[in-house]
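Here's a friendly walk through one protein model. Have a look at it below, and then we'll go through it bit by bit.

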Amino acid sequence: MISRRLTCFTPLLLLVISGSAWADEGLNWHALAPLPDERGVAGPIAGSDGTSLIVAGGANFPGGPPWDGGTKVWHDRVFVLERPDGQWLDAGRLPRPLGYAVSLSYSGGPSMEPGVVCLGGSDSQQHYADCFIVRWKNGRVELTDLPALPRALANASGAMLGDTIYVAGGIETPAATQAESHFWALNLSQENPQWEALPSWPGPPRMLAVAAVQDRAFYLCSGAELSADAAGKPVRRYLTDCYCYRPQQGWKRVADLPRPAVAAPSPAPALGQASFLVLGGDDGSLVDFSPLADHPGFPKTALAYHTITDTWKTLEDLPLSHVTTATIPWRGQWVVPSGEIRPGVRSPDVWAMQARAQQKSFGVVNTATVFAYLLLMVWIGWVCAKKNQTTNDYFRGGQRIPWWAAGLSIFATMLSAITYMAIPAAAYTDGWTLFLANTYVLIMPLIVFVFLPFYRRLDVTSAYEYLERRFSLAVRWLGSGLFILFQCGRMAVVLYLPALALAAVSDLNIETCIVGIGLLCIVYTVVGGIEAVIWTDVVQALVLIAGAVISIVYLSYQLDGGWSNTFRIASEDGRLFESVNWSWDLTMASAWVIMIGSLFHNLLPYAASQDVVQRYLTTTDEATAARGIWLNVLLSVPAQAAFFLIGTGLYVFYRQQPERMDVTLQNDAVFPFFVVSELPMGLAGLIVAGIFSAAQSTLSSSMNSIATAFVTDFYRRLLPRTTDAQCLRAARGTTITVGVIGILVALLLARTDIRSAYETFIQILGLFGGVLSGLFVLGIFTRSATGAGAIAGALISAAVLFAIRWQQPLQVFAYAPIGLLTCVTSGWLLSLILPSKRRGLSGLTYFDLPR
C-alpha cells in the first residue's frame, strides 16, 4: 500500500520540478499615486514610519524653470500615503521649509518608535544641524527631536546599520566651495544617544554621494568633490570611488563604479544578501549641456554592486531618472518618491520596485534525470520493504549490512545538503576557514577503539540504552530526548536547503518545495526501514560524489586562466586561508576556536548520535563496523575539499563574469543557481538529484533513528508487554510524525532571513551536542559518576550554554567544548556530593572493559 502511494507521489514531485518557467533578470517597477504637488520636489524628507509613506518638504520652481527666471522655493508641506493603492493625504506642515536633509526609515527599537529620521538639511537661506523623527500617528503628524548634528549640514548621505545612523560628507553652507569629509554615528539603541565622530574615508571630501548598507557594512559611493573656480564659484568633480566601512574594522576602498552616480536616490536599495543597487544618478556627461530646456535627463541605468565578488553590474532600462531623492523600504518593495529628472525640473511621479530573480526552464532532459533518480529510490524502498518483518529488521537491518555499505551510508548521512550547498557558499563568501573544522579525523581512533566496543558488546539497539545501564532510566530518557530534539532541528535545516535549491530552479515558492521533498522522503523511509535507508544512502553517496566531480570539471572549462589563475585570484582576495584569524577571541571564527571547538562538536555524531551509531549496529560484527567507519573517513576529507573547491571556483567565476550573477540571490543558493544557469541539460539534472540525495540521506536517517530512539527508549520501555508487531507499527507511525514536524519547522525556517544555514546548523549542534556528548564521556571515562550527578551536570551545562548565548553570543564552534566540559566537570563533582545508588560497572566504563 505504501509503495503504491509513493509511486503515485513521484509524478507529483516531477510536476513541481518541470513546472518551472524562468524569465530574464529584472526589476519589477510599478507606479504609485503621484504626489499632489504637480511639479514634484527635489530633496524631500522621505521615508516610512512602519505603516505609511511620508514625503515632506523639498524644493522646486513653482514660478517656472530657472532658465525662464524661475526662483527655487523650499516647502514645508507633509504628504502621507497609507496604502499602496491609496491616494496621498495632505497631512500638515513641518515647523519650517526644509529640504536636502538625510532622510532614513527607522524600524524602531526598544526605546524608540518607528519613524522617518531627518538629519540636517537646508532652506533658501541657511543649512541646519537639527535632527528629528517624523511619524504619522492617529491622523496627525508627530515630531520627536533627536540630538543635533555636530555641524550644520546639507546634501550629505546616510544610512542605518542596525540601530546606528551613519552620516557622511555634505556641505555646511549654501555657498560652500568645499565639500566635507565628516563621518558621524548615532546609536539610537542607547538610552541617551549622542553623535560620535568617526575616522573619515580615505578619499576626497564629497557631497551628494550614495550611501548603502549591506552585509553588515556601510558603503559610501560616488558623489561630487567641490572646488572654487576663478570667480569663486563652486565647481564639481564627479567621483567614481567607493568605500566600505565595517564597525571595529574601519574603512576599505572597494571597486570603483563604472560611472559617476552623483545625487542618485539614497540610501541605495539592498537586494538579496550581498548586493545593493545605485539607481541612475548624474554621471556628469552633460554638465555643460545647453540649452538646459532641451536637456535629455539623467541616465536610466542602475549599477548593482556585489559585496562578495567586489564587482559592479549595469542594469539597463530603468523607468525613471530621478535624483536628489530618497529610497524607502515599504511593504516588501523599494519606493522612489518624486525627485529631479533633469536640471531645474522635478517630477511628482512615485515609483515602487520589487526585485525579481533570474529564472530558466529546467527542461525535459533535467526532469528525466531527476525522475530516473526518484524511480530508483522508490524501487529500493519497495525491495527492502519485503524484508522488514521485525523491529530488528527495521532498526538494525537484521545486522546483515556489508561494511562498505555501512561506511558509505555514514558518509552520505554526514555529507548532507548542508555540505552540498552551504559549504560551497561558505567558501564562496569567506574562503576556506571552515575547512579547519575537519578535525573528526583526529577523533576516529577514539570512536573505533573506545566507543564502538561499548555499543557492539552491549548489543544495544539505541545508543541511549548504555546511559540507563551506566546511570539510570532518567539519564537514558534525557539523552534520547535531547537527541530527538536535535534531530528535529537538524531535519528542518537540511530540508530547507534543498527546498531552497528547488525553489531557485522553479517558479514555485519555497514552502511548496519543502512539502514536496519532505513527503517523498517520509514515504520511502516508512516503507523500507534502516535497510532501505542504507541502500539508498549508497546510491546517494555515488550521486553526491558524481555531482561534485562534474561541477569541478565543468568549472575548469569556464574559469579564465584555469585553476592556477583561480587560486591566484582567490589568494589575492583572501578567499583561501589568507583571512584565517589566529586569535583566541571566542566571539570570532578564529583558527583556534574552529579547530578546538570542532573536535568537541564532531564527537556528537560519531559517539552519541543515534543516526550514525545505528550504522555501527547493522553490520555482522565489531571488526566490519570498524572498517565501515574508516571508509567514511577516507571519503569525507576529499569530499569536503571538493565542495570548498567548488565554492572557490564559483567566487572567481562570478568575479570574472559579474553580469551572470543574480543580484537578488541568497548566498546559500549560489551553487544551485550556477547549476541551473550554466550547466548543460542533463548535467544540471544530475546535480539537482545530488542535492536531493544529500537531503534525503540525512532526512531518512534522522526519521528512522528518531523512530528507533522513541520506540526503544520510550515506547517499549514504558510498555514492556507490547508485541514486536506493535512496536513495528509504532516505529512507522513515529517516522510519519517526525517527518511532518520536520516539514513544519522547515516552513518556519523558510520565513526567516538566514545568512548562513551552515552556521545555524552548527549553533544547534553546539548548544545541544555538548550536553549529549558530555553524558557519554562522563559515563565512559569516570567511575564515580552517578545518575543524579549526570542529570545535574547536564542541566547545569544547558543553563550555562543558554546564559552565554543570551548574554554574550560566542562563535558557534565555541559552544560544544563549553557544553561538554561543563557537563563532565559539574556532573563528576556533583556525583561526589549527591546521594545515589551505586551500580555495578563491569563493561560499562573504559576502565572496566574486558581486556
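On average the chain reaches a pLDDT of 87, and 93% of the residues score at least 70; pLDDT is the predictor's confidence in each residue, from 0 to 100. Residues 1-25 are another story: pLDDT stays under 50 there, and the model gives that stretch 62 contacts beyond four places in sequence (a contact means heavy atoms within 4.5 Å). Where pLDDT is low, the predicted coordinates should not be read in detail.

A bit of housekeeping: this is a predicted model, where local features need pLDDT of at least 70 and side-chain atom pairs count only at pLDDT 80 or more, while totals for chains, interfaces and linings use all residues. Residues are numbered from 1 along each chain as its sequence is written, and side-chain values use heavy atoms, with hydrogens and water left out.

## Aromatic rings

Rings of Phe, Tyr and Trp (its six-membered ring) pair if their centres lie within 6.5 Å; planes under 30 degrees apart count as stacked, over 60 as edge-to-face and the rest as tilted. By that rule there are 39 aromatic pairs. Take Trp-563 and Phe-567: the ring centres are 6.0 Å apart and the planes sit at 35°, so this pair is tilted. Both residues belong to helix α10 (residues 562-572), four residues apart, or about one turn of the helix. Helices (H or I, at least four residues) and strands (E, at least two) are DSSP runs, numbered from the N terminus.

Buried means under 20% relative accessible area, exposed over 50%, partly exposed in between (1.4 Å probe, protein chains only). Trp-563 has 17% relative accessibility, so Trp-563 is buried, whereas Phe-567, with 34%, is partly exposed. Now compare Trp-584 and Trp-592, whose ring centres are 5.1 Å apart with planes at 5°, so they are stacked. Trp-584 is exposed at 58%, and Trp-592 is partly exposed at 31%.

There's also an aromatic cluster made up of Tyr-166, Phe-183, Trp-201, Phe-218, Tyr-245 and Trp-251.

## A four-stranded sheet

Next, find the open sheet of four strands, ordered β8-β9-β10-β11 with antiparallel pairing (two strands pair if DSSP finds at least two bridges between them). At its edges are β8 (102-106) and β11 (140-146), each pairing on one side only.

Strand β10 (residues 131-137) pairs with β11 over seven bridges, in the antiparallel sense, and Cys-131 stands opposite Leu-146 in β11. Together β10 and β11 make a hairpin with two residues between them, and Asn-138 in the turn has a positive phi of about 55°.

## Around His-127

Which loop holds His-127? The loop between β9 (115-119) and β10. His-127 has 9% relative accessibility, so His-127 is buried. Leaving aside residues up to four places away in sequence, His-127 touches several residues, including Gly-121, Ser-122, Ile-171, Glu-172 and Pro-174. By contrast, the C-alpha atoms of His-127 and Met-703 are separated by 66 Å, with the two residues 576 apart along the chain.
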